[in-house]
Amino acid sequence: MGHITLEQITKQFDDTMVIPPLDLTIEDGEFVVFVGPSGCGKSTLLRLIAGLEDVSGGMIRIDGEDVTAVPPARRGLAMVFQSYALYPHMSVRRNIAFPLRMAGLDAAEQNRRVEDAARVLNLTDYLDRRPGQLSGGQRQRVAIGRAIVREPAAFLFDEPLSNLDAALRVGMRLEISELHKRLKTTSIYVTHDQVEAMTMADKIVVLQGGRIEQVGSPIELYRHPRNRFVAGFIGSPR
Ligand code: ADP
Ligand code: MG
């Protein structure tokens, strides 16, 4: 499950309305990409969904339930941070198990989930290493592992590949897409990179100034951009 609806949500920082009233539905199992230029509100929107920021108005539902006032740890979502968010002094195993330890799961259940995640991510042979002994791609997989073990209703990714070099980024994009399909979860992926949006998304949400310019599949946006901004941003030739 992972059906998310945003109903007239807003976010104001001091006097500035960063997100004017916004409506969006994300279907269960969809890979949705929020794309737009730097400062357009992508991270803010993701943080509102995650509960890391409170909305100024409106309602957020997950699988029909109003979670607007529910704290992040109880929304059933997992945010994937960039690889540098790992704990350098902990083994891969302890890094991946971290959210489970916080949630108070018993050791056997922690191990089961960590080993399942490691298998899916090809990290089984690296569980006793420290992050510093891994490649950039492996570190990113550990960060994803830490999200997987929580068995979330949806994954929230905020520019997870922006630290990686171009070649590695292409490989990790494919890995994240495959993982999404294999785990059959909902994913929301934030990026300012049009190529990432076009290659990964079932549905693209184009943002500018906190507003949704257009929502559609990559091919719909490419063929029928609603305005010049979308056309220019998606790179349609007309
Ligand atoms: P993006 O992720 O698309 O680059 P952000 O969501 O980080 O954009 O930021 C959107 C806007 O909100 C920017 O103008 C930014 O300066 C502002 N903003 C974000 N977080 C805060 C905050 N905690 N306090 C004040 N302004 C903020
Ligand atoms: Mg951002």
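A crossing of two helices is left-handed if the near helix is turned anticlockwise from the far one by less than a right angle, and right-handed if clockwise. Helices (H or I, at least four residues) and strands (E, at least two) are DSSP runs, numbered from the N terminus. The model is predicted: local features need pLDDT of at least 70 and side-chain atom pairs count only at pLDDT 80 or more, whereas totals for chains, interfaces and linings use all residues. Residues are numbered from 1 along each chain as its sequence is written, and chains are lettered from A and ligands numbered from 1 in the order in which they are written.

**Exercise 1.** Describe the packing of α2 and α4.

Solution. Step 1: the axes, which are lines fitted to C-alpha atoms over the stretch in contact, with angles from 0 to 180 degrees between N-to-C directions, come within 7 Å and cross at roughly 35 degrees. Step 2: the crossing of α2 and α4 is right-handed. Step 3: with contact defined as C-beta atoms, placed from the backbone, within 7 Å, V92, N95, I96, F98 and P99 of α2 meet V142, G145 and R146 of α4. Step 4: Ala, Val, Leu, Ile, Met, Phe, Trp, Tyr, Cys and Pro count as nonpolar, Asp, Glu, Lys and Arg as charged, and the others, Gly among them, as polar; the contact of α2 with α4 thus has 5 nonpolar, 2 polar and 1 charged residues.

**Exercise 2.** Classify the orientation of α2 and α3.

Solution. Step 1: helix α2 (residues 92–102) and helix α3 (residues 107–120) pack at about 130 degrees, with their axes 10 Å apart. Step 2: angles under 35 degrees count as roughly parallel, over 145 as roughly antiparallel, 65 to 115 as roughly perpendicular and the rest as oblique. Step 3: α2 and α3 are therefore oblique to each other. Step 4: α2 passes α3 in a right-handed crossing, with R93, I96, A97, L100 and R101 of α2 in contact with Q110, R113, V114 and A117 of α3.

**Exercise 3.** Classify the orientation of α4 and α5.

Solution. Step 1: the axes of helix α4 (residues 136–148) and helix α5 (residues 166–183) come within 11 Å and cross at roughly 25 degrees. Step 2: this makes α4 roughly parallel to α5. Step 3: their contact is made by G136, G137, Q140 and I144 of α4 and L168, G171, M172 and L179 of α5. Step 4: by class, this contact of α4 with α5 has 4 nonpolar, 4 polar and no charged residues.

**Exercise 4.** List the surroundings of ligand 1.

Solution. Step 1: a residue is near a molecule if its C-beta atom, placed from the backbone, lies within 6 Å of it. Step 2: F13, V18, G36, S38, G39, C40, G41, K42, S43 and T44 surround ligand 1. Step 3: helix α1 (residues 42–50) supplies the largest share of this shell, 3 residues.

Conventions: Two residues are in contact if their C-beta atoms, placed from the backbone, lie within 7 Å.
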